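I opened the model today and kept notes on what I looked up. The entries follow in the order I made them.

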Amino acid sequence: MIDIQFSTRQNKIIEIVKEKQPISSEQIASMLKVTRATLRADLSVLTMMGMLDARPKVGYFFTGQSINTIFANQIKDIKVKSFVSTPVVVDEETSIYNAIVTLFLEDVGTIFVTSKGYLVGVVSRKDFLKSVIGNSDTNKVPVGLIMTRMPNIVMAYPEETMYDVAVKIINHQVDSLPVVKKEESEGKIHYKVIGRISKTNITSLFVDLGAKK
Ligand code: ADP
């Protein structure tokens, strides 16, 4: 449950509107014994948050939505395409050694692996550690041999919401998802990697939402 604290006056406004709707800002102001100018900021916060609805020449209505519903609806409106990062991609023939160098240079935790430009797998820090403690010849063994491969890759689409992606990340216990575009070639479905959503993107969205006044 999200516990958003409204000011005492905002709570009083909500109570008044619930009881007397539709009610004009003048009427609310006179009941609270404040000026309309004083009320303006509170009314715009409550309207922006979706608690109240303002209809011109009629007045304010209570929407009946709980603060949790409003917050959930806001989150479910945010699309992957507005938060997507640049993906780091290597070909499946790349050596483990070179892929590890890429991981450091690009400062990511997961690399997407492609063959002929299409997604075939994902390789993460733990996959690299496993290959190293398993004494793989990192200069010779290609990354394609240690990756998690299709069709077991969890993917995201640009039109999905950040909420859908966060649910996938939690359910599959992974750090990031490739954002993909479906393509058909030679009668087969392939996926082009066009972006990446990681736990970091979800964290920045959380910070953005928290910073909204
Ligand atoms: P880390 O290795 O840093 O813990 P993850 O938790 O993301 O990173 O990876 C755990 C395992 O899940 C690895 O074997 C990795 O190949 C695999 N993995 C990572 N991302 C995905 C994904 N999007 N779909 C399927 N498997 C993945």
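This is a predicted model: local features need pLDDT of at least 70, side-chain atom pairs count only at pLDDT 80 or more; totals for chains, interfaces and linings use all residues.

**Entry 1: the ligand**

A polar backbone atom of Lys126 is 2.8 Å from an oxygen atom of the ligand. For Thr148 the side chain is involved, with one of its N or O atoms 2.6 Å from a ligand oxygen. Asp175 has a polar backbone atom 2.8 Å from an oxygen atom of the ligand. On its own the ligand has 550 Å² of accessible area, and the protein covers 85% of that.

**Entry 2: helix α1**

I checked the length of α1 (residues 8-20) against what a helix should give. At 1.5 Å a residue, its 13 residues should span 18 Å, and the end C-alpha atoms are 18 Å apart, so the two agree.

Which residues of α1 are buried? I noted Gln10, Ile13, Ile14, Ile16 and Val17. They cover an arc of only 165° around the axis, which means they sit on the same side of α1. An α-helix has 3.6 residues a turn, so residues three or four places apart point the same way. Thr8 and Glu19, on the other side of α1, are exposed.

I also looked up what the buried residues of α1 pack against: α2 (25-32), α3 (36-48), β1 (52-55) and β2 (59-62).

**Entry 3: helix α2**

In α2 I found Ser25, Ile28, Ala29 and Leu32 buried. Seen down the helix axis, the buried residues of α2 fall within an arc of 100°, so they line one face. They pack against α1, α3 and β2. Just after α2 comes Lys33, which takes a positive phi of about 55°.

**Entry 4: Ser95**

Where is Ser95 found? I located Ser95 in the loop between β3 (89-91) and α5 (96-106).

The side chain of Ser95 reaches the backbone nitrogen of Asn98 at 3.1 Å. Leaving out residues up to four places away in sequence, I listed what Ser95 touches: Thr138, Asn139, Val141, Pro142 and Val143.

Definitions and conventions: Residues are numbered from 1 along each chain as its sequence is written. Side-chain values use heavy atoms; hydrogens and water are left out. Helices (H or I, at least four residues) and strands (E, at least two) are DSSP runs, numbered from the N terminus. The expected span of a helix is 1.5 Å times one less than its number of residues. Buried means under 20% relative accessible area, exposed over 50%, partly exposed in between (1.4 Å probe, protein chains only). The arc is that of the directions from the helix axis to the C-beta atoms. Contact means heavy atoms within 4.5 Å. A polar contact is a pair of N or O atoms within 3.5 Å; within protein, one must be able to donate a hydrogen and the other to accept it, and residues adjacent in sequence count only if both atoms are side-chain atoms. Accessible areas come from the Shrake-Rupley method with a 1.4 Å probe; for residues, only the protein chains shown count as cover.
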